[in-house]
Amino acid sequence: MKKLTILLCCCLFPLLNQAQNLIGAWESYTASEGGVKIKSVVVFSEVYQVMTSYEAKTGKFIMTNGGTWKLEGNTVTEKIEFDTKTPDRVGSKVSFEVFISDNAMGIVGSNIKWTRIDDGSPGSLQGAWLMSGRKRDGKIQTRDINRSRKTMKILSGSRFQWTAYNTETKEFMGTGGGSYTTIDGKYTENLEFFSRDDTRVGASLEFEYELVEGHWHHSGFSSKGAPMYEIWSRRDM
């Protein structure tokens, strides 16, 4: 029995370690038919992932997709929750074989290679979150996070992306993302792409933040200058 336990541990450890190695943010660069440099970033939290492509120089948004993921052996299986390029894929599962090292990964049979940006650190907000409420006129208004209309934010150690979508209608409402920092109670977003308005690319937005009973309270001013107070709840748990 002892030998069997040791054998199982030896077999399972590489798989668990490999799955852990995917968590964080990765980037790749390709060129469009016109020679424009395209940057793609994928962020993996423990359960959810999002991948987005945009023009590296201008931040012009191209596409995004995401949903849940799991790794079994060398095979990643994703269940699609949103896909701007092929919305009919929403609700379906796709599987592909990957190879992973400490600083590189790729899909077997593809020429595109991904380089690690971070491993989920140092940001204190790493993970997947759903908007679960707002504060208006001093009163907190909650939101059902189980409804099909969702606003999700995924953060690695240094990258963030929010996405608004509907899993039932397969509708996509918008997304934005880039890099972020959390220093001394200040959460700062640096926009690298924004699907609704490319002119806001390059902007930095600073917010106050704190974790209250596991919920992320987020206050400051939106990109339009309007005051805001949002509450986010963890989705990975």
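I began with W129: its relative accessibility is 0%, so I count W129 as buried (under 20% relative accessible area; exposed is over 50%, partly exposed in between; 1.4 Å probe, protein chains only). The model is predicted, so I took local features only at pLDDT of at least 70 and side-chain atom pairs only at pLDDT 80 or more, while totals for chains, interfaces and linings use all residues. Numbering runs from 1 along each chain as its sequence is written, and side-chain values use heavy atoms, without hydrogens and water.

Next, W216. It is buried too, because its relative accessibility is 0%.

I searched the whole structure for aromatic pairs and got ten (Phe, Tyr and Trp rings, six-membered for Trp, with centres within 6.5 Å; planes under 30 degrees apart are stacked, over 60 edge-to-face, the rest tilted). W129 and W216 are edge-to-face, because their ring centres are 5.3 Å apart and their planes stand at 75°. W129 is in strand β9 and W216 in strand β16 (residues 215-221), so this pair ties together parts 87 residues apart in sequence. Strands here are DSSP E runs of at least two residues, numbered from the N terminus.

I then listed the aromatic cluster: W129, Y180, Y187, F207, W216 and W232.

Last, charges over rings (NZ of Lys or CZ of Arg within 6 Å of the ring centre and within 35 degrees of the ring normal). K37 sits over Y29, 4.6 Å from the ring centre. K135 sits over Y229 at 4.4 Å.

Terms used
Helices (H or I, at least four residues) and strands (E, at least two) are DSSP runs, numbered from the N terminus.
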